[in-house]
Amino acid sequence: MGSPRVEAVEGADVVLPAWYTLNTRMSSPKPEASLYVLWFLEQSGKDMVQVLSYLDGKFLVNKPRISLLHAMPSRNISLKLVQLQEQDSGQYRCSVNVRDQGDGMSDVDSLELDVLVSPAAPSCHLHGVPRMGANVTLTCLTPRSKPAALYRWERLPPRVQFFFSPAVDSTRGSLFLTNLSASMSGVYVCKASNKVGSAQCNVTLEVTSGPKAAVIAGAVVVTLVVLVALAVLVLLYCHREKMQEEPANDITEDAVAPRTLPWPKSSDTISKNGTLSSVTSARALRPSHGSTRPGTLTPTPSLSSQALPSPGLPRTNRTHPPTASSTLGGVSSSALSRMGAVPVMVPAQSQAGSLV
């Protein structure tokens, strides 16, 4: 075999060099000698597979884009691969067996093929709000690269600038810009490169002096929400105050009106100012001429505690009621109490005729 390791770029062609020699006993094999050539591919995590075989003048190819470099029979048994792909990488093993009239020799050797991939077009992004005094991060990432790409950032004219660590993370493709100013606006280019190629992308940075429209819109929405909440609270407070005042001013519709008592027309005595001073039964005030039957109740007169003196009636003492009240009708108050009689208070009456 040639070099134990071969590197090639994806999409290109490659030759894996291999040849064989014979020892002195078989330095001149006869034409009828048999030659067997086998090529195998072994990849990490997979079983070894046969990719090509040459047996007694017949080819058997089990993998596309692969062939022997020279016509057979030949001692140069190099393997050729075209339009390489990344999955062609692996350990290639070659086995040679020569038989001549009972004598034979064989040998096995291997080499490693590493298919390299140029970086694919990366994507650039801006993270953060580019306003005065803020910090932002520019990122750059390629989806495919073998070996892994390294990243480099620069700013295009008219203000050319190259960036280095610690502002740049060359393995992750990040550029950190702090304390932004208007002079930092411009087009920033990221280049991803490895040993076989490179690719680039760019992002435009425009530093503004105020917040973005989204920030302004958010502030407006928050302000409106606060104003609406305050308005609702004020309305609820006014409604509550109104509800507390209405019961004091409203007249209850289902309230029962005071009942008017039927006053006797012939026996009522009313003072000059229209206040009911006393109501007495004429029959009760006059002394009884006949004997009262036992068990017969005589109505008890009711005296108003707020009666005013009247010219035609005797003055009634509020704290010392007349002695006759206890013995009206010939029956004492103690006797009435024993018989179950209940004292009655007669309400006073205003000039308008309503009860007080």
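**Cysteine pairs in a predicted model**

Visitor: What's the handedness of the C140 and C190 disulfide?

Guide: The torsion about the S-S bond of C140 and C190 is about -85°, so this disulfide is left-handed. The pair ties together parts that are 50 residues apart in sequence, because C140 lies in strand β11 (residues 136-141) and C190 in strand β16 (residues 186-194); strands here are DSSP runs (E, at least two residues), numbered from the N terminus.

Visitor: And what counts as a disulfide, and how many are there?

Guide: A disulfide is a pair of cysteine sulfur atoms within 2.5 Å, and by this rule the count comes to two disulfides. For C140 and C190 the distance from S to S is 2.2 Å, while the sulfur atoms of C124 and C201 are 1.8 Å apart.

Visitor: Which hand does the C124 and C201 link have?

Guide: That link of C124 and C201 is right-handed, with 75° about the S-S bond. It joins distant parts of the chain, with C124 in strand β10 (residues 123-127) and C201 in strand β17 (residues 197-205), 77 residues apart.

Visitor: Switching topic, is C238 buried, partly exposed or exposed?

Guide: C238 is partly exposed, with a relative accessible area of 45%, where buried means under 20%, exposed over 50% and partly exposed in between (1.4 Å probe, protein chains only). C94, by contrast, is buried at 4%.

Visitor: What should I know about the model itself?

Guide: This is a predicted model, in which local features need pLDDT of at least 70 and side-chain atom pairs count only at pLDDT 80 or more, while totals for chains, interfaces and linings use all residues. Residues are numbered from 1 along each chain as its sequence is written, and side-chain values use heavy atoms, with hydrogens and water left out.

Notes
Helix = DSSP H or I, 4+ residues; strand = E, 2+ residues; numbered from the N terminus.
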